[in-house]
Amino acid sequence: MKAEKRTTLVVNSEAVSRAACSGASRPIFGIARPAEGVFQILSDRAEPGVFSRVGRVHPARRPGLSLVALTIADQKLFVEVDGIVSAPDEVLILSGSESISDRRRGLVPEDGLGRFRVDLFGGGSLGGGAGLLLAQGGVGHIRVYDKDRFDTPNLTRHICDMKDLGREKSVALAEKLSLHGVDSIGVTTDVTTLSDQQLDLLLKGSDLLLATMDSPHAQFVVNEAAIRNKIPAVFAGAFELACGGEIVVVRAGSGPCLFCAAGFRTGVLGGVQLAERRQAYQDAEQNKLEAEPGLGADIAYVSAVAAAYALAVLDPNGSRSTLLRNGHAFTLVHGGSQPRDSYADLFRVPFDVINARVVRDEPCPVCGYQSPSEVTS
Ligand SMILES: [Zn+2]
């Protein structure tokens, strides 16, 4: 005799509460998994390609409908689930965001990071990994900028997957982040083609720029925007073979910028003006490394370091504050492999970290930073 398959109705209590609060019957969204006997009510709004309609919430019992009665936050309501003929054998009511906040207590500000908006430049493996960690940390809003589409080699180390092949990276990644509770949108654009005014308009309201693009030109453009708009920024890049990476933290008005730390890559020195810098950024582009192979384990490490610095900037008095207090704006990290070739000159052991000070004898043409003169006795 074949056992009857049990059915479980999984309910995100906050989504159902929100759907019910209008007082009228409202559709609810999630995923029906009839083969598993699981019906998930996850959201009060559709997420195209992810959540589709699984039923309706009714504020009162309706005769003739097969309804599941639920009490959520002292409110009695009725759920009609498409595809469940009789009542489910079991109803699993999941608590809402409060229980997630409990897990973050002491690690983020008391009122969370939900009010912050991060503008993430580069939806590649490094940016995707860092974006995911910020989403899991509770950052409320993430805007993803990328110009490319998701391609097969990205599968080796990206948080997106086969379902995303051929999609615009910004859109696919924003969707992934939104599944972690973030308000996220993707903007498919090449920032080097935007005017300053266009970029500044996009950045209005941003709390942090996290730039993870492999294009030096694009990274320098974001650096100029960070200084111009007085928005803090974290720049992250991976080394060849993704064996490690570098992080530069920029806080306009206090300390060096990306040009101070890595302007040597543009081949220009001293007091060059904006137009000359723009040309130099393009020249730097020609020396850029082609997309390097690398393992997810290595790139995820750099993503985690970048995310830690981003969290430190958003929560400067929090548990990661010392990352910003040590006076080192330029951090180089090596991953778990043995440093070799030119990296063996820099790093001694796997997981070695180098915190470097940025020294500028002359004021930086972008941010005006100049190293404090040494105190001599
Ligand atoms: Zn500078």
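**Cores, sheets and helix packing**

Leaving aside residues up to four places away in sequence, Ala306 touches Leu126, Ala130, Leu210, Thr212, Val234, Ala236 and Ile247. The model behind these contacts is a predicted one. Ala306 also turns up, along with Leu208, Leu210, Val234 and Ala310, among the residues that touch the most other members of the largest nonpolar core, which has 80 residues. Helix α9 (residues 296-314) supplies the largest share of this core, namely 13 residues. A separate core of 18 residues lies apart from it, with Val16, Ile28, Phe39 and Leu77 among its members. As a general matter, nonpolar side chains in soluble globular proteins tend to be buried together.

On the domain level, the protein splits into domain 1 (8-95) and domain 2 (103-356). Taken over C-alpha atoms, the centres of domain 1 and domain 2 sit 39 Å apart.

Strand β9 (residues 141-146) runs parallel to β10 and is joined to it by 6 bridges, with Ile142 standing opposite Ser184 in β10.

Helix α6 (residues 216-229) packs with helix α8 (residues 274-286) at an angle of about 150°, their axes being 7 Å apart. With angles over 145 degrees counting as roughly antiparallel, α6 and α8 are therefore roughly antiparallel to each other. At this contact, Pro216, His217, Phe220 and Val221 in α6 meet Tyr281, Gln282, Ala284 and Glu285 in α8.

Another open sheet has 7 strands, again listed with mixed pairing, in the order β5-β6-β4-β2-β3-β1-β7. Here β5 (67-72) and β7 (90-94) are the edge strands, each pairing on one side only, and the twist averages 30° from one strand to the next. Strand β2 (residues 26-33) and strand β3 (residues 38-43) run antiparallel and are joined by 5 bridges; Arg33 stands opposite Val38 in β3. Helix α1 (residues 13-20) lies across β1 (8-12), β2, β3, β4 (52-58), β5, β6 (75-81) and β7, and runs at about 70° to β1.

Key
Residues numbered from 1 in each chain as written. Core = buried A, V, L, I, M, F, W, Y, C linked by C-beta atoms within 7 Å. Buried ≥ 20, exposed ≤ 12 C-beta atoms within 10 Å, placed from the backbone. Helix = DSSP H or I, 4+ residues; strand = E, 2+ residues; numbered from the N terminus. Contact = placed C-beta atoms within 7 Å. Domains from an automatic or database assignment. Pairing = 2+ DSSP bridges. Axes fitted to C-alpha atoms, helices over the stretch in contact; angles between N-to-C directions. Parallel < 35°, antiparallel > 145°, perpendicular 65-115°, else oblique.
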